[in-house]
Amino acid sequence: MPLSVLAHMLTRDGLRSVARRCVRPRAGFPVTLVLAAGLGLPGARPAIAQAPRAASTDTLRRALVRTDDGLAARTRQTLTMSGTIRRYRVGTTTVGEEASPLAWRLVSPHVAARLSGTPLSLEATGITVRGTTPIRARIDVVPRAGDTLSVYARSGSGPRTLDSTQALAVGAAGTAVLDLSSLTLGVAPQVGMRGRWSFPVGNVVLGLSAAAERDLPPSATGVVYWQGTTLRGGASVTGFVSEQTVVASVDLSTSRADSLGGRNQFPGGGAVTLSASTSGALDEDGTRWFAGDAFYVRPFGNDRNDQPTRLIPQGSFGGVSGLLLLESGALTWTPAISVMREASTASLAAQQGGLLSRTALSSRAWTVAGSLSVDIPFSSAITLSPEVGAVGGTVSSTLAETTGRVLGRRGRVVNFTNTSGFADAVRGWWGGVAVSVRY
């Protein structure tokens, strides 16, 4: 379920009863926090939001200009400093975020390295949260063209866990279909290794990958979302159509983690990810380029039943995106568009006075976003890149509560179902500027 649904649930008459009847507060944690924890806070995101987002503008750009594949003819380094302002409105809730991403990247003939992190400030529902996304580091070693061995790690975010007010602020517009850096608050430290291997077969290239990741055990005693040990495997096929490079892939992940005595909201299992992308020149002189990306993620085996008093939604997440690179003199214009959608359900059964009651949630969210950026070179080493964008969509949820009542002298049990819900518009915009220094 989109986390933005949580904020709406907690402000809708008739839905507040879900907290009282379906959630048992733990010592020191208000009902609102426990509900948020059931949706993936604090500690990390629910399974639906663990999925990779459709490729960002920066990712697709790198696919086009190939500056990050570890096969450069000489060693190059890039330092990028950015500033971004985001303003979103979900129904009557307004969310604002200011983020300042910092990234360093090194590319050489056989080694690539990167380091990144984002200080940020989030304001929603009258609450301000200041923190830092996890600092991520990665080293790629390329023993031969097409093969890559990677070692990576991330620190915990700051703050590493969220209290009740912080959870409400993040959950105010915390659907994965909106781009917010603050969604990575409440993440545990992680270390991992990954290998990718390529095998040319005729006119295509087959690829295999394997990875192992470990989230460090949480030190906090509150409610967390901890995946423990994760194993990943994948396969891909790369082909070439005219000037376009086309890639189709499937990835499988599975995670194992202790329930931590009922504090861990991770429901177990893993996810299947299907993705496809294309990139390449649209004309012979190379002044127009196109890149596109599509993905679909579906969790499986997320049925560990050690949270009998909490709703933990599960569902699918997918999207498509594309951009153009258009050279005009010294400038490079980049229009981009993306469509995102997520859907999830959750149900909870409980005994009340010997009668069975059931609560079911069904939620949907989708957005369409468009942006325009331009690269302005000030020299061979410095580039200024302003960007503006807008997004629109909807977020909705339906809640059905079925309860049994004893009627008549004979004690006949009759089930009654109450249904309520909402559908709210999503509107927003963002703007930012990045400065890249290459040396």
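Phe295 and Phe317 are both buried, where buried means under 20% relative accessible area, exposed over 50% and partly exposed in between, with a 1.4 Å probe and protein chains only. The model is predicted, so local features need pLDDT of at least 70 and side-chain atom pairs pLDDT 80 or more, while totals for chains, interfaces and linings use all residues. Residues are numbered from 1 along each chain as its sequence is written, and side-chain values use heavy atoms, leaving out hydrogens and water.

The structure holds one aromatic pair. The ring centres of Phe295 and Phe317 lie 5.3 Å apart with planes at 80°, so the pair is edge-to-face. Rings of Phe, Tyr and Trp (its six-membered ring) pair if their centres lie within 6.5 Å; planes under 30 degrees apart are stacked, over 60 edge-to-face and the rest tilted. Because Phe295 belongs to strand S14 (residues 288-300) and Phe317 to strand S15 (residues 314-328), the pair ties together parts 22 residues apart in sequence. Helices (H or I, at least four residues) and strands (E, at least two) are DSSP runs numbered from the N terminus.

Phe317 is also among the residues with the most contacts inside the largest nonpolar core, which has 30 residues; Leu122 and Ala169 are others. Such a core is a set of buried Ala, Val, Leu, Ile, Met, Phe, Trp, Tyr and Cys residues joined through side-chain atoms within 4.5 Å. Strand S5 (residues 119-124) gives the largest share of this core, three residues.

Leu122 touches Ala169 and Val170, among others, not counting residues up to four places away in sequence; contact means heavy atoms within 4.5 Å. Both Ala169 and Val170 are buried in H5, a helix (residues 164-171) with six of its eight residues buried.
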